[in-house]
Amino acid sequence: MSELEFDLLGRGYAAGFGRALAAFLDHPVDVLVTRHRGHLYSATTAGTADARTPLLETTMASWTGVVLPRLAEHFKLFGKLADEPTDLALAEARGLFAESIALHHALLLPARQAITDLLGFWHTNGVHAARGHDGGLTALMCVALIGTPTFRAAERLADDSVPETVDDSRITELAADGAPDGDGYGLVIPGWLDDPAYPRRMRRFLRRLGVNGARLRSMRAAAEDRQEAALARLARACPASLSGELATLLTTAQAGAALAEIHGPIMHARYVHELRRLITAHGERLAGRGFVHAPADLFHLRLADLDQPATGRHQVDMRRATYLRSLQRPLPRPRRSSAAPGGRETLPAQAAARLAALGGAAGTRADTRRWQGVGAASGRGHDPLKAVRDQKDLERLEPGDVALVPDAGPAWGWLALASVPLIIEHGGPLGHAPAVARACGAPCVVGGYGLAGLVAEGGVVTVSGDTGEVTW
């Protein structure tokens, strides 16, 4: 992730997420963001200021009545920023992105809490244990969104009428269906804001793994059947005395799943597209004035550099060289916890516990040839293991492989669309990729950090998305 991308996306994300998280935890929160390649990593600490974005109710009215009007205002403002001075325009664009992140998490946090409440009800009442029934994955399948933005984008890309070279208006159309990864995590190329070729590369990936319109239609029909069966199992397993409470929780959780899986990725993809267009316009202007060698050099400047009358080109060259070297380093383990780096105050225990309940799942080595993670999507795979970290790794992925991916971001849902079993190093069952995996019928296990050091690349593993076990 380049200097400018981090200034816009990393710092914008930290500001927006912190505002929503402060309201969710009822405590001031600072979000500390670091970067590596195309990935953002965050940690949370007790905050120094109490700026908050009010949380939204888990209903579609929150989207239509609150979020959509704000988005419409933002996109009108984006259209005017191309004519403003570059430093002021990009600073305002970062503010708009931060507000979109705050709005997204004002929806996402209550939505995921609603799903967690459903799972907690099921386990607290012991219904699944008493009836010999895994209520966790069944309940998650009951709230699975059939036809996520990633799925709809794949349907568009599988359509032969979409040209190989897409123009700006078609990119916007695809972005509205979630085709680009707009979440700042996962399958991204450094410099991804300036990456209009992303949809075309994903089309090639889907075609190479045999995904076409007929296969997607069959996948959707199978998902609808699995959800209908899961709802029937849930109803049979629940005692009559609890059916009313379960129905209320289920309705709220289903609305929450729709809000989490549809609107967040759409919002992010659209904002990233608007940022890309804005940066391109200002890069061309600055190159024409001799401020930078080429429009793409703007990515290696910081916002603070843009209000200076002249920025040494050698500085841009040095930063580009540093940036290219960073691409060769392995990805670090991300932190998303209440740890307090630098001696900062930790979150109160109650707030930390609530945050942890929505966070990632950890796995552990169970014995010499078995890893115990957490099952996140039902199914079983028995195939060679491939570590997939970025775009170039997709070229090594073949039908019949198991993919070990770094996080639960929405980009990795593309692999589930191709029926690739997923092992996710960092993240939890409520992440975007596991949700896509459940809807696609691809096995998924979360909590796989450390597995790469135990299984050789290409070693055959058996993955159980029901039990969370990985054996080799």
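**Basis.** I am working from a predicted model, in which local features need pLDDT of at least 70 and side-chain atom pairs count only at pLDDT 80 or more, while totals for chains, interfaces and linings use all residues. Residues are numbered from 1 along each chain as its sequence is written, and side-chain values use heavy atoms, with hydrogens and water left out.

**Whole chain.** I looked up the secondary structure and found 15 helices and eleven strands in the protein chain. These are DSSP runs numbered from the N terminus (helices H or I, at least four residues; strands E, at least two). Of the 472 residues, 56% are buried, where buried means under 20% relative accessible area with a 1.4 Å probe, protein chains only. I noted an accessible surface of about 18,900 Å², 54% of it belonging to carbon and sulfur atoms; the method is Shrake-Rupley with a 1.4 Å probe. For contacts (heavy atoms within 4.5 Å), I took pairs at least 6 apart in sequence, and 68% of them join residues at least 24 apart.

**Cores.** A nonpolar core here is a set of buried Ala, Val, Leu, Ile, Met, Phe, Trp, Tyr and Cys residues joined through side-chain atoms within 4.5 Å. The largest has 53 residues, and L21, L25, V31, F78, L90 and L306 have the most contacts inside it. Elements that each supply at least two of its residues include helix 1 (3-25), strand 1 (29-36) and helix 10 (243-288). Helix 1 gives the largest share, eleven residues. I then checked L306: leaving out residues up to four places away in sequence, L306 touches T86, D87, L90, L286, F291, L298 and L301. A second, separate core has 36 residues, among them M219, V388, A403 and C444.

**Rings.** I found four aromatic pairs. Rings of Phe, Tyr and Trp (its six-membered ring) pair if their centres lie within 6.5 Å; planes under 30 degrees apart are stacked, over 60 edge-to-face, the rest tilted. F75 and Y271 are tilted, at 5.1 Å centre to centre and 50° between the planes. F75 lies in helix 2 and Y271 in helix 10, so this pair ties together parts 196 residues apart in sequence. F78 and Y271 are edge-to-face, at 5.9 Å and 70°. Ring pairs link F75, F78 and Y271 into a cluster. I looked up burial for the three: F75 is buried at 19% relative accessibility, F78 at 4% and Y271 at 0%.

Terms used:
Buried means under 20% relative accessible area, exposed over 50%, partly exposed in between (1.4 Å probe, protein chains only).
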